[in-house]
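Welcome! Take a moment to turn the model around on your screen, and then let us walk through it together.

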2 protein chains.
Amino acid sequence: MTQSPSPFQTPQQRSHARAAKRDAVLRAAVQMFNERGFHQTSLDDVAARLGVSKPTIYHYLGNKDQVLFECVTIGLSQLLEAAQASREAQGSGADRLTAFLLRYAEINMDDFGRCVIRTSDEALGAESRAQFHALKRKIDTAMRQLIEEGMEDGSIAPGNAKMLAFTLAGALNWPARWHDPAGDETPAQIARHLVQHLAHGFLPR
Amino acid sequence: MTQSPSPFQTPQQRSHARAAKRDAVLRAAVQMFNERGFHQTSLDDVAARLGVSKPTIYHYLGNKDQVLFECVTIGLSQLLEAAQASREAQGSGADRLTAFLLRYAEINMDDFGRCVIRTSDEALGAESRAQFHALKRKIDTAMRQLIEEGMEDGSIAPGNAKMLAFTLAGALNWPARWHDPAGDETPAQIARHLVQHLAHGFLPR
DNA sequence: TATATTTTCTACTCATTAGTAGATTGTCTT
DNA sequence: AAGACAATCTACTAATGAGTAGAAAATATA
């Protein structure tokens, strides 16, 4: 697989290495934000974890706001991708919604997804916040469309799609706050439980 | 009702006035924390909104951590009271759980309840955080007990009480993030919608 | 080989804000 | 009336942490 290990890099290798370093910064940052909170994490802290100095971070990213914004954007892209996939999938509305919800819940227990949920708008600067909102709205819209399609084909109980979307999103966002990645339940198991309860309700059938 | 309007206050009146001022500080603080976020709100800001200076706040409360801690404690007490009331109420487990959930959701759309949800542990100092956790655990325990009682009397579908509690709490906490007090839907209406969906699930019956 | 570019560092600046010192004024208590 | 106490102010201190200037080393290009 590996070529002759020349110390001289091709332009592709160099730009790849650069991207990898940028990613490493974001990965380290998002983990620390999730652990200790955005405001409790200085860029000096992040740099220290990577064994570099703060200006190195500024070499790859413009400022702290941008670091956070990139992190949430990665998380939101994952969610959007999942929404897209479910919109295009086969099956009844309920089936497609369920598949989406499972994936949605799992992403919210992952590094970048957790950051999306734990980040409140006020932490971001004005422009970042606007884009953050726009992306979140897209995901909400996609979820509502899945719900409405399910209501139309009769696989989802008729009702208020907007309120149902908030109910589902809230329940599936919450693990970002309480789930311990080191715990014994896997994200997939938790996701199944939550979706199960949301699908069937707590009243006996 | 009002006595002769003497400018001289009784000791009761004085300590009452003091408590009222302390409450006013907390009320102003919690609203600003909810609007702009804890870290984006300085005690100078809070003082300015009240038309006083920062040392006045320190005259009533020890430090910023304590201000936040008092705010979340008020919210958590309201939740705890609601839990207590439902534990002692009449009716099936499902009825009592439903009543609790409605109240729980409404509190989370109120000033202090919103603050409870929006406050992440990392914002609090070590001791405050421990007490914060302890109180939240109490509420979680109460919710699980209601669920288990309902499962025992058959009014709630059998299943994993812990996961159900997380599902319910998540869905009902979330409005603290999106609900606009100036919007047209009242908290009571929203609460009813959410609980409706949680009780029945999204699959048709 | 000379020059430009990239990566990284050390050592700053500067703004914000939590928290305090100490004075001031008014109000009780004795 | 004298001394204590409460409430509030102005004017500080001190720490934190975002962001930058400018040098140094390595690497690439001409």
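## A residue tucked inside a helix

Let us start with Ala191(A). Apart from its neighbours within four places in sequence, Ala191(A) is in contact with Leu102(A), Ala105(A), Glu106(A) and Met109(A). You can find Ala191(A) in helix α10, which covers residues 187-200 of chain A. Is Ala191(A) buried or exposed? Its relative accessible area is 0%, so Ala191(A) is buried.

Now look for Lys54(A). Ala191(A) and Lys54(A) are 137 residues apart along the chain, and their C-alpha atoms are separated by 38 Å.

Chain A has an average pLDDT of 94, and 93% of its residues score at least 70. Where pLDDT is low, the predicted coordinates should not be read in detail.

## The overall picture of chain A

How many helices and strands does chain A have? There are 10 helices and zero strands, and reading along the sequence gives the pattern α-α-α-α-α-α-α-α-α-α. The C-alpha trace of chain A spans about 65 × 40 × 40 Å along its principal axes.

Of the 205 residues in chain A, 43% count as buried. Take the contacts in chain A between residues at least 6 apart in sequence: 65% of them join residues at least 24 apart.

UniProt, in an unreviewed entry, gives the annotation "domain: HTH tetR-type" to residues 19-79 of chain A. In the model, residues 19-79 of chain A are 80% helix and 0% strand, with the end C-alpha atoms 22 Å apart.

The unreviewed UniProt entry also places a feature called "DNA-binding region" at residues 42-61 of chain A. Over residues 42-61, chain A is 75% helix and 0% strand, and the end C-alpha atoms lie 14 Å apart.

## Rings that meet

A search of the whole structure finds six aromatic pairs over all chains. One of them joins Phe100(A) and Tyr104(A): the ring centres are 5.6 Å apart and the planes are at 70°, so the pair is edge-to-face. In chain B, Phe100(B) and Tyr104(B) also form an edge-to-face pair, with 5.6 Å from centre to centre and 70° between the planes.

Why are Phe100(B) and Tyr104(B) separated by about one helical turn? Because they are four residues apart in helix α5 (residues 93-107) of chain B. Likewise, Phe100(A) and Tyr104(A) sit four residues apart in helix α5 of chain A, about one turn of the helix. Phe100(A) and Tyr104(A) are both buried, and so are Phe100(B) and Tyr104(B).

## Charges over rings

In chain B, the charged end of Lys64(B) sits over the ring of Phe38(B), 4.2 Å from the ring centre. Arg144(B) lies over the face of Phe166(B), and here the distance to the ring centre is 5.9 Å.

## The nonpolar core

In soluble globular proteins, nonpolar side chains tend to be buried together. Here, the largest nonpolar core has 127 residues, and Met143(A) and Met143(B) have the most contacts inside it.

Notes: Residues numbered from 1 in each chain as written. Chains lettered and ligands numbered in written order. Heavy atoms only, no water. pLDDT = per-residue confidence, 0-100. Phe/Tyr/Trp six-rings, centres within 6.5 Å; stacked < 30°, edge-to-face > 60°. Helix = DSSP H or I, 4+ residues; strand = E, 2+ residues; numbered from the N terminus. Buried < 20%, exposed > 50% of the residue type's maximum accessible area, 1.4 Å probe, protein only. Lys NZ or Arg CZ within 6 Å of the ring centre and 35° of its normal. Core = buried A, V, L, I, M, F, W, Y, C linked by side-chain atoms within 4.5 Å. UniProt positions renumbered as here; feature names shortened; annotations may be inferred. Contact = heavy atoms within 4.5 Å.
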